[in-house]
Amino acid sequence: MTRIWIGALVGCLTLIIATVSKADVLLSNVVIVDLETGSLSPGQSVLIEGNRITAIGPGITSNENVDRVDAGGRFLIPGLWDSHVHIFSSATEPDTALALYLINGVTGIRDMGALWPITEQKALQARIESGEVLGPRLILSGAWVDAAPGSWPGMFLANTPDEARAAVAQIADEGWAAVKSYSMLDAQTYRALAEAATEAGLPLVGHIPERVALETAILVGQTGMEHFGRIPMACSSAEAQMLVDLRTVMADDANLDTVFAVMAERNGIILDTWDAKLCTSVLARMAEAGLHVSPTLVVADFYTRNWPTADAPRMLMIPAAVREAWGQPDFRLAAMTDELLALANDSIALDRRTFTMAHDAGVPILASSDASFANPYLFHGFSLLDELDIYVAAGLTPREALFTAVVAPPRFFGLQDQDGTISVGRRADLVLLDANPLENLAVLRRPQAVIAGGALLDRETLDKIEADLLEAGE
Ligand SMILES: [Zn+2]
């Protein structure tokens, strides 16, 4: 994938953010939406002190020094999470990314791989947590481990079980939230990685390596898997053969082109050999094991050229240098013949059908976009809402789709003060909406207010942030 490096951005967002009130807030006359049960509680007030919810009820009173906001019967949900993003792929990416998440009601993100040193990532995380920087809550899960030379720069590398154990020791020492396995690890090294992660008390998340079966990932205790493609592959009666074929060419030290050619053939084979009955048992197994999936279905939009027009606000809000990099010829698209595009569309349809089956089978899902300045046409914030729309188009109800962005992520991350409910003692990450989101997710596109770590961004402030993003993107 193309790598891009952005020059310094203007600091006007920081100015806006500095003016955001840090006072306590009393929201009155809200309808609290419970995304677990779908129940609505009208006529509620919610008191926010510092970054916590401290009281909820119909008749809350408070001292003089609070911002009083009459919500006029609007709907209140906990803030959204995007469970797979990359905000550190350039020096200044977070400056823009943090604001793009907030204007879309996304108050939590899990970073899954970065070019920044962990010390700098942790410093930003701490500044967000303390309220010094306004941004979504940040989970640092980008300690990716791959076989040498590494699919991306800056990865941890492991070609042997010993190297895997050493990588995990360093990851634990550096304080990452998880170990992330990557595509080119061999089976033995991957097993050692999983074992070491378990011993270190770190969850193993990430790619199921290309030479490893999905069932193996379950057996070694991987708890989170990124992207969706390996699920339809496990629903194919040819999964084992495809793994053997790849192991064979890689054992022969074939050049990378041959390796990628074998991998590229998988989509066609899966379409021919996908088996509904097998799929039902695979999905039941995943649900039983609690293997969480971050589908990133929206990534397909890049290949099908489902891109916004050049004048769409989301295009204009990203830095000009990023837009320019995205507009460069791409080798993946150049290779896309009509025949391959038809195959891609069939694969996307099969992914979505399998996705719906996975959800119905109780496979836990974490809504995620893979947004990054290095991933063309995947947008911080906006693409998470697109991903939720895909879930609804695939057959989930709006409540079920929202559950994957609001309730499932903080529970999977084991956060003490957040569980996708609006209740006393929880962190004040909230979104105020003009209409009931359980009826239509379109209302998420223009929140009336976003509260991030207790800081209230009303519509006027959100408009100002959008205006500044547009100006910075010029
Ligand atoms: Zn990613």
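Predicted model: local features only at pLDDT ≥ 70, side-chain atom pairs only at ≥ 80, totals over all residues.

Student: At what angle do α2 and α20 pack, and how far apart are their axes?

Tutor: The angle is about 140 degrees, and the axes are 10 Å apart. Helix α2 covers residues 93-103, and helix α20 covers residues 459-472.

Student: Are α2 and α20 oblique or roughly parallel?

Tutor: Oblique. Angles over 145 degrees would count as roughly antiparallel, and this one is about 140 degrees.

Student: Which residues of α2 and α20 meet?

Tutor: From α2, they are Thr96, Ala99, Leu100, Leu102 and Ile103. They meet Leu462, Ile465, Glu466, Leu469 and Ala472 in α20.

Student: What about α17 and α18, how do they pack?

Tutor: Helix α17 (residues 382-393) packs on helix α18 (residues 398-406) at about 140 degrees, with axes 9 Å apart. That makes the pair oblique. Their crossing is right-handed. On the α17 side, Leu384, Leu388, Tyr391 and Val392 make the contact. On the α18 side, Pro398, Ala401, Thr404 and Ala405 do.

Student: New topic. Where does Met112 sit?

Tutor: Met112 is in the loop between β6 (106-111) and α3 (118-130).

Student: Is Met112 buried or exposed?

Tutor: Buried. Met112 has 28 C-beta neighbours inside 10 Å, and 20 or more is the cut-off for buried.

Student: What does Met112 touch, leaving out residues up to four places away in sequence?

Tutor: His84, Val85, His86, Ser141, Gly142, Lys180 and Glu226. Also, Ala178 is 66 residues from Met112 in sequence, yet the C-alpha atoms are 9.6 Å apart.

Student: Zoom out. How many helices and strands are in the chain?

Tutor: The protein chain has 20 helices and 16 strands. Its radius of gyration is 22 Å, close to the 23 Å from the globule rule for 474 residues, so the chain is as compact as a globular protein of that length. The C-alpha atoms fill a box of roughly 75 × 45 × 45 Å along the principal axes.

Student: What share of the residues is buried?

Tutor: 48% of the 474 residues. As for contacts between residues at least 6 apart in sequence, 76% join residues at least 24 apart.

Student: Last one. What is the mean pLDDT of the chain?

Tutor: The mean is 94, and 96% of the residues reach 70 or more. Over residues 1-12, though, pLDDT is below 50. That stretch still has 33 contacts in the model beyond near neighbours in sequence.

Key. Residues numbered from 1 in each chain as written. Helix = DSSP H or I, 4+ residues; strand = E, 2+ residues; numbered from the N terminus. Rg over C-alpha atoms; globule rule 2.2 N^0.38 Å. Buried ≥ 20, exposed ≤ 12 C-beta atoms within 10 Å, placed from the backbone. Contact = placed C-beta atoms within 7 Å. pLDDT = per-residue confidence, 0-100. Axes fitted to C-alpha atoms, helices over the stretch in contact; angles between N-to-C directions. Parallel < 35°, antiparallel > 145°, perpendicular 65-115°, else oblique. Left-handed = near helix turned anticlockwise from the far one by under 90°.
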